[in-house]
6 protein chains.
Amino acid sequence: MATVQLVEYEDADQAVRQTYDDIMATRKTDRVNNFWKALAVQPELLRRTWEGVKSVMAPGFLDSLTKEMIYVAVSATNGCEYCINSHTAAARLKGMTDEMLGELMAIVGMANQTNALADGLQVEVDSAFRAGGLE
Amino acid sequence: MATVQLVEYEDADQAVRQTYDDIMATRKTDRVNNFWKALAVQPELLRRTWEGVKSVMAPGFLDSLTKEMIYVAVSATNGCEYCINSHTAAARLKGMTDEMLGELMAIVGMANQTNALADGLQVEVDSAFRAGGLE
Amino acid sequence: MATVQLVEYEDADQAVRQTYDDIMATRKTDRVNNFWKALAVQPELLRRTWEGVKSVMAPGFLDSLTKEMIYVAVSATNGCEYCINSHTAAARLKGMTDEMLGELMAIVGMANQTNALADGLQVEVDSAFRAGGLE
Amino acid sequence: MATVQLVEYEDADQAVRQTYDDIMATRKTDRVNNFWKALAVQPELLRRTWEGVKSVMAPGFLDSLTKEMIYVAVSATNGCEYCINSHTAAARLKGMTDEMLGELMAIVGMANQTNALADGLQVEVDSAFRAGGLE
Amino acid sequence: MATVQLVEYEDADQAVRQTYDDIMATRKTDRVNNFWKALAVQPELLRRTWEGVKSVMAPGFLDSLTKEMIYVAVSATNGCEYCINSHTAAARLKGMTDEMLGELMAIVGMANQTNALADGLQVEVDSAFRAGGLE
Amino acid sequence: MATVQLVEYEDADQAVRQTYDDIMATRKTDRVNNFWKALAVQPELLRRTWEGVKSVMAPGFLDSLTKEMIYVAVSATNGCEYCINSHTAAARLKGMTDEMLGELMAIVGMANQTNALADGLQVEVDSAFRAGGLE
């Protein structure tokens, strides 16, 4: 159970409804996820977060599916149940197959392993990396 | 300073040298990074980790650059100085531009933000996500 | 389900009961939370942890509500379900409104974002900060 | 060394300069921190992040010093060297004494301890917390 | 609910069955845990991860119970529900008593506390530690 | 540079000196680490943390070396530079060899990997683990 009351459309004030409308229009759906209904506890937090997500996740130099997979990678690393579920679903909608998810998770697992090893052994950064010289 | 002695090629035993040789051949370089020299404290750990990284990072359903960017995303989330530096360098070698790094970081930042918000407000996963139904 | 048996008052030994009594007296309640019942697996861990929490959370240079909100901020960052729920409840008891929770979460989200960005881009600490000179 | 080139004012384009100007005006200083100079790799990321920080950290239902201390608490939990240094400096500027920092750190330490204990023992959330009933 | 379909033995291909057989033989059980059934989404990820776990957790310079307790310590720190449950169960099978779990958790809690304090106060590493000189 | 002034023995008040004396007597050394000198910003935090560490790390159901290795495992997972260095040094003093450190790190790496995988794939806990039934 969320630690705040989820704000349903019919109970929302004008500012919140405007954001909800934009979420549904952008995503071509008639449903607003619980995440946004929880953020609505503070309408400005809702608006700012949604504007950020909309801007960041729009196709740019990286395509939309790559962006969703990066989002899943971060969420898996943080162990955020909500975000893993919502962004895995979104990535599948955008074309991620089981094989791609398998490879994504293999990298996430490997990166978490070597992160712990590099930290645990306190390995010093090679000067070649820092110098921007990359061989 | 690493908490173990880095093992240089000339001081390495046969098993370690074999892995070093494979690293240099695969990466087409004559240098072995400090990370591997630290892992050589336990030759089996070195071999297994290298085999894993080589297998995971080879092009598959995801291309090689996408894989490096996912690696950077995890490393940034964990704040692993060594891995951020080494994999950002590797991603640049594979074609990541400043613009792509900018977008990558924007997603990493946003994901860390919404992960904390979803956890902090204890938002319940929408049944639509769990059902695999994605609208 | 906890990975240890929760120790109920009637099954507790003298040392554990003494801590339970102090918890209930300090908090003016007749209930002991599951957290303490789980720690009772090791009476000394229970006693030491409770003494620490009691001392740390008592009003001092920071007031009691500010302290609870800081506790929530850390717990949200770690994604600890139990602690988020218990300390959000405690903060509300001490006067935290929805508006305050909204602002608290906005900071928690923003800090997690900029932490990932500063780490991900490996930004060097400005010498002005280190020098204690703050402009 | 940052993994991107820091963008100095004299090398910045119009959009970046505008943000830099607003940072300096808002903070009443003639210096822009390295963090912002690194974000300038993507002007929109710079602008959006600054707008977010400015909005979130402005006094509201919580005062400005409390907000900085919450920022420090998150940054310490994540171990983000840059953010710990910059926000501790900012909190001191706003009046945080050594005694207040001592109490802040005591809470941060205690919260990280009990977070690990509650997770490690898999303690179930008391129904009283979930119900919003707080005794 | 897992974000992938769990692969049951009867639906598995030859490569996956071979790994399942080795898991059951090594562990002297006729059951394969959900974790492995989820990894089977990518047979190579399944094989590699299992080979790694089997090799790492076999008795060596550290005994098998010590290894499981270290696994629990990491999992508790990360707050990974699945791994905490599975490795606490495994550790108990190998002889971990409630008293030992209590001490293990006391260390995990204390280490998470002092980690946050050392980071939060940005304590510099004593040269004596770095020099390998340990007094 | 620490964000607080390190308190040297000659500048310390009576309460702080008493803790310093106990640290040096317990550890049979004439040096106090930077960590304690930083905590002395709040004498009660110093005293309480030291009492906790002394009590938790004393030999009990687990021996002293096992305890230090668990401490290193947590610190590596959190990436705490100070604690990794100080507790690796302490573990070596108590008899940890390079081979043992190698195995320790192999487990830490593997656990961080499977933690991310179990979270990332949202694997459900097997009822056998929860039931305490362990096969």
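## Domains of chain A

Four residues of domain 1 of chain A are in contact with six residues of domain 2 of chain A, contact being counted when two C-beta atoms, placed from the backbone, lie within 7 Å. On the side of domain 1 of chain A that touches domain 2 of chain A, three residues are nonpolar, one is polar and none is charged. Here Ala, Val, Leu, Ile, Met, Phe, Trp, Tyr, Cys and Pro count as nonpolar, Asp, Glu, Lys and Arg as charged, and the others, Gly among them, as polar. Domain 1 spans 1-58 and domain 2 spans 59-125 in chain A, with bounds taken from an automatic or database domain assignment.

## Numbering and confidence

Residues are numbered from 1 along each chain as its sequence is written, while chains are lettered from A and ligands numbered from 1 in the order in which they are written. The model is predicted, so that local features need pLDDT of at least 70 and side-chain atom pairs count only at pLDDT 80 or more, whereas totals for chains, interfaces and linings use all residues.

## Chains E and F

Between chain E and chain F, 63 residues of the former are in contact with 63 residues of the latter. On the side of chain E that touches chain F, α6(E) gives the most, with 15 residues, helices being DSSP runs (H or I, at least four residues) numbered from the N terminus.

## A73 of chain E

Leaving aside neighbours within four places in sequence, A73(E) is in contact with L104(E) and V108(E), and also with I70(F), A73(F) and V74(F).

Methods: Helices (H or I, at least four residues) and strands (E, at least two) are DSSP runs, numbered from the N terminus.
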